[in-house]
Amino acid sequence: MTNHSNERELLPLDPKTRKPREQMEQPGYYPGYKTLGQKKFWDATTRAVVEERVGNIPPIRFFSAEELPVISAVCDRIVPQHDRLPQFRIPVLNWIDERLAKNEISGYRFEDMPDHRDAYRLGIQAIDATARIKYGKSFPELRPLEQDTILKSIHDGEKWAAHEIWERMSIDRFWHLLVQDCVAAYYAHPWAWDEIGYGGPAYPRAYTRLEGGLPEPWEVDEKRYEWDGPESSLSDAYEESGATSNTPAHGQGGTH
Amino acid sequence: MKSPIWGEFKQARDDVHNLGPLQRIGKETKRYRDDEEVDYCIVGLGSAGGVLLQRLAKAGFQVLGLEAGPFWDTERDWVSDEKGSHKLYWNDLRITGGTDPLALGENNSGKGVGGGSVHWAAFTPRFHPSDFRVYTQDGVGADWPISYDELKPYYELLEREIPVAGPAYFPWGDPHGYPYGPHPLGGVGDVLVKGCTKLGIRVCAGGPVAILSGSHGDRPHCIYRGFCIQGCKVGAKASTLITHIPEAIRYGAEVRALSMASRISMRNREQANGVFYFDREGREHFQRAKAVIVSGYAIETPRLLLNSACQGHENGLANSSGTLGRYLMAQAGNVVLGRFPGLIRMYKTPPAHALTEEFYETDPKRDFARGFAIQTVAPLPVAFAKQMMVAKGAWGWGMRRVMMDYNHWATLGVLGEILPWPDNRVELAEERDGFGLRVAKVTFNLHDNDKKLIEFGKNKVMQVMHAAGAEEVVQEARYAHLVGACRMGADQGTSVVDKFGRTHDVSNLFVCDGSVLPTQGSANPGLTIQCLAARTADYLIAQGTRIFTSEIRDMGTPPVRRELAVKDSFTKGVPRLR
């Protein structure tokens, strides 16, 4: 996707040897664990919905030919997947596009935000404008580290360019909209469930080992390995995003 | 095990309407003609509307429920999947603002028969006696026009009806026990119990939750699959969809789904005569009714009343006090996330299964009024990733890394009392929905007492998390539940409805849902809303046809009609001896 980078600089590193780790079918600490291997034990409706998600990737309908390279490069940095073999990457962008094409919202719009479709269009413009001001190139043409530098400025709530856009739209809320949509697409996919060792659907069968983090007979135990984020990235560190008291970052999902 | 012994699980029968794996009703149900005048038209079939529909039908009234969303078939429509459950929520546009804007939709609003009770986590603590006299006791908020004692018989009744699993002795508020035994703990409950025990905080394990720990009638017990807030396909978690709606239909009530109420129609200045609504094709209809009950919850109820402004009620129906839409409340719902060296696997067991109310009451040693509860929560991967986006500022490789540790994290929630303030409110925005109706604009601002309470509560939960052995503790600010905005009160000048839910301004128009709550305590509101609905139903039944014709308001307490409880309330399930 990215023009000036070779794949190796995009790979996570072995912390001891500082060498890139090989790409895998299934990263994470649960090797061999497959939620889809249990699908005969799921109810028919759930099985159909999850199989459809894996097997039927929606085509791009919302983003324009100009927007597509930018948002595609952005998604590749917000949920980087270069540790996955190419055929086992999760199509995050297509699911964001699908939501926008269908105009599916989650029940509200912040009063200081435009409509979510406009928010994406404006945000893509702002990201590309920031890339051009900072590096004199469009966002997809930047090196991965430069792309992360641009995205980190938005994460931090710093407005390096496109001030007229950030006047119409809260930079912090745009960041949260973007990251939320990316992670909602990625972690809805059964391959991501395998990666994190999540048990997935369990009706009608049930979970039976509830305490102590014990695996069900069909789950597997954790086998950890150490890894560092690629040197071409800025995202393998945790810093609070730039939300201020005027735009408090707070949870969107229902938990209680 | 490669496959279930009889092969993969097949799709459920489609010639019946499935309400859980065992409970079925016929597909054909009663349908009133538009020009038939029903006794009661209930707008919204959620926690309150479901109970009202069942009670009024069982007592012999002609009753019809309008519901904006679908009439779910739980086997065919619901899934064990976060993304696939998005349709359970009220996803239509609302505008949210103020200094501390609330997330809506999946956070707190349901759509479809059963309403929010379909996706509640089903914690069912009672309110404490002190919740009913907050103003008298603490000089803040408001008093209720009823006391705890007036609601207590309904708590006892509904805890059997839906029914509630929990400890034999629950020590806080008015101490009591539960009809079904407590649930086994999962990893998160262990964390709460361990942390609290270490700090000398009393804690309650295994409930109270409206989730079956043993089978009950045609409802199986919990299988601990963790998808409570995605809709319980198992039928173990109570929702009015499976507890009250089936019996309502059996007694002749009509459930009219995919029908979006647009305004309440007035016969004259004093009396309503029906409800205008849009059907699924967007055609407008008028349903005649002798009385109307609005049960649309804390946003849609005031929105409908505001959208029903008419001659003589220019500021919205039932709004002579100017308080319609005001005193909206959400509870502080900060989530505290702790990473443990060992595995937790918090996706197993219901998210709701242990709590403490040790900090519920006002403590003069603290610098704020009222208090909070600490409860287990357990986000599934998508919700957890969103929490990590906020709590750790995670994205990119950092997001991938923390998510690979999903099974090491446990989450606890603050459930804190935010006081009723007039500037927290529901109004009409200029934007319109697909039917051309003005959408709600919700404004929410934290005040000084609220901020101090949240700070204290959050820090206390972080302490508990550390005490349980977490090596890293982070938190995310958020809010849970929505109540208020049509509050009940004795004074017509400062409230919208009286203590039975009758609007002060229109004698045959009632509001019955979370919006009538004057204050909210630190208890999840679902059970209290169902209790208020059963009590309003008893009042309407006791008053009989006088409701439809007379302006006179009898404020006497009606008898508790235990015989109207749903079947199996007293005869099925796990016996608990007194």
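Colleague: Which residue of β5(B) stands opposite A:R109?

Modeller: In this predicted model, A:R109 faces B:I95 of β5(B).

Colleague: What makes β1 of chain A and β5(B) a pair?

Modeller: A pair needs at least two bridges. Strand β1 (residues 109–110) of chain A and β5(B) have two bridges, in the parallel sense. So they count as paired.

Colleague: How many residues does each chain bring to the contact?

Modeller: Chain B gives 88 residues and chain A gives 64 residues. On the chain B side, β5 (95–97), α5 (187–199) and β14 (372–377) are among the elements that each supply at least two residues. That side has 43 nonpolar, 24 polar and 21 charged residues.

Colleague: How do you know that the length of helix α5 of chain A agrees with what its residues should span?

Modeller: Its twelve residues, 144–155, should span 16 Å at 1.5 Å a residue. The end C-alpha atoms are 16 Å apart, so the two agree.

Colleague: What covers the buried residues of α5(A)?

Modeller: The cover includes α2 (67–78), α4 and α7 of chain A. Among the buried residues are A:P144, A:I150 and A:H155. After α5(A) comes A:G157, with a positive phi near 75°.

Terms used. Residues numbered from 1 in each chain as written. Chains lettered and ligands numbered in written order. Predicted model: local features only at pLDDT ≥ 70, side-chain atom pairs only at ≥ 80, totals over all residues. Contact = placed C-beta atoms within 7 Å. Helix = DSSP H or I, 4+ residues; strand = E, 2+ residues; numbered from the N terminus. Nonpolar A, V, L, I, M, F, W, Y, C, P; charged D, E, K, R; others polar. Expected span 1.5 Å × (residues − 1). Buried ≥ 20, exposed ≤ 12 C-beta atoms within 10 Å, placed from the backbone.
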